[in-house]
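Below are my notes on the model, as numbered points. Please read them beside the coordinates.

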Amino acid sequence: MSKALSFRKSSSRAAKFAAVAALSLALAATVSPAAQAASLGASGAKGLKHNVLTVSNGTRYVQIDGKTVDFRTVVRDLAWSPDGNKAVFVDGSSNLVVSDADGSNRVTVAKNPGGQNWNHPTWNWVPAVPGTDIPARNSIVFVARTNGVSRLKTVPASAVQGQPADLSVWGGEDDFPPQTGNIWPNASSKTGASVFANTGNGTVYIRDENLRSQTDEVAKGSEPAISPGGEDIVFVRSVKGHDHLFVKARGAKAPKDLTPNATTDYTQPTFSPDGRTIAARTPKGIVTLPVSGAAKPVVVTSRVGLPAYRG
């Protein structure tokens, strides 16, 4: 069987991928983080909108819907729960933390034992499949690097100082995906599918929770993200000295370069909640562009950091 996108395997699997309906909003550049955070006060973030772009940059300040919110702790690699009510990130002690949208009510989901670098958490919520014995799952997937070796880990999203376990990466009886060197997981799909990249072979993989953790190759690239409905995968690939954004749609034989005339680097892409827009990082800030490639990237904020959409 061809090892393109795993969601091309069967019509029954394709039926699981349904796009969600929620139009995302772009944010604009703001004033200094300290000044705006002070104006918000301790509970200022509680009135923030959903379906908006957020930017974290490894400081305590997170940009949400054009407002700078003080999380009162270091925030690295911020991601959101599917409903947008909870944030997950790695704090300054490299612990895995879940909080409310304004950084309050923080819970240490897993405490770093030391000697490990934890990064890039993603919220992996998989709904129950009607008519089957497949239950709903709610977990956090992240990367743990120990002695230079990276592995995907998972821990229940409701855990309090829980014990992370290795995430199963299985390709079938005759296929053995790499178990180490796997990084940049993204489980934003609400269909049970997630993606990750491997540093050893430079390949993007897709993993399906509803197919017994079946894992298949997508394409050569890095920093992948999957759309909420599971129809598209965006990733980064170097072309002629610059990092370009590529998207591979269900049924497509080859990925499409969304930035063929790139004169800068586009990295760390993510999908909007409706799956129609991609946000990505550049040296001059965050840009957005349509998944269709019908328009060029447009800078929507000068804040440089990791883009993520609050659902």
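**Notes on the model**

1. Aspartate 70 is buried, at a relative accessible area of 11% (buried means under 20%, exposed over 50% and partly exposed in between, with a 1.4 Å probe and protein chains only). The residue belongs to strand β3, residues 67–70 (strands are DSSP runs of E, at least two residues, numbered from the N terminus).

2. This is a predicted model, in which local features need pLDDT of at least 70 and side-chain atom pairs count only at pLDDT 80 or more, while totals for chains, interfaces and linings use all residues. Residues are numbered from 1 along each chain as its sequence is written, and side-chain values use heavy atoms, with hydrogens and water left out.

3. The side chain of aspartate 70 makes a polar contact of 2.7 Å with the side chain of arginine 60. It also reaches the backbone nitrogen of arginine 72, at 2.8 Å. A polar contact is a pair of N or O atoms within 3.5 Å; within protein, one must be able to donate a hydrogen and the other to accept it, and residues adjacent in sequence count only if both atoms are side-chain atoms.

4. The whole structure holds 4 aromatic pairs (rings of Phe, Tyr and Trp, the last by its six-membered ring, with centres within 6.5 Å; planes under 30 degrees apart are stacked, over 60 edge-to-face and the rest tilted). One of them, phenylalanine 196 with tyrosine 205, is stacked, at 5.4 Å centre to centre and 15 degrees between the planes. Phenylalanine 196 and tyrosine 205 are both buried.

5. Phenylalanine 235 and phenylalanine 246 also form a stacked pair, at 6.1 Å and 10 degrees. Phenylalanine 235 is in strand β17 (residues 232–239) and phenylalanine 246 in strand β18 (residues 242–249), so the pair ties together parts 11 residues apart in sequence. Both phenylalanine 235 and phenylalanine 246 are buried.

Definitions and conventions
Helix = DSSP H or I, 4+ residues; strand = E, 2+ residues; numbered from the N terminus.
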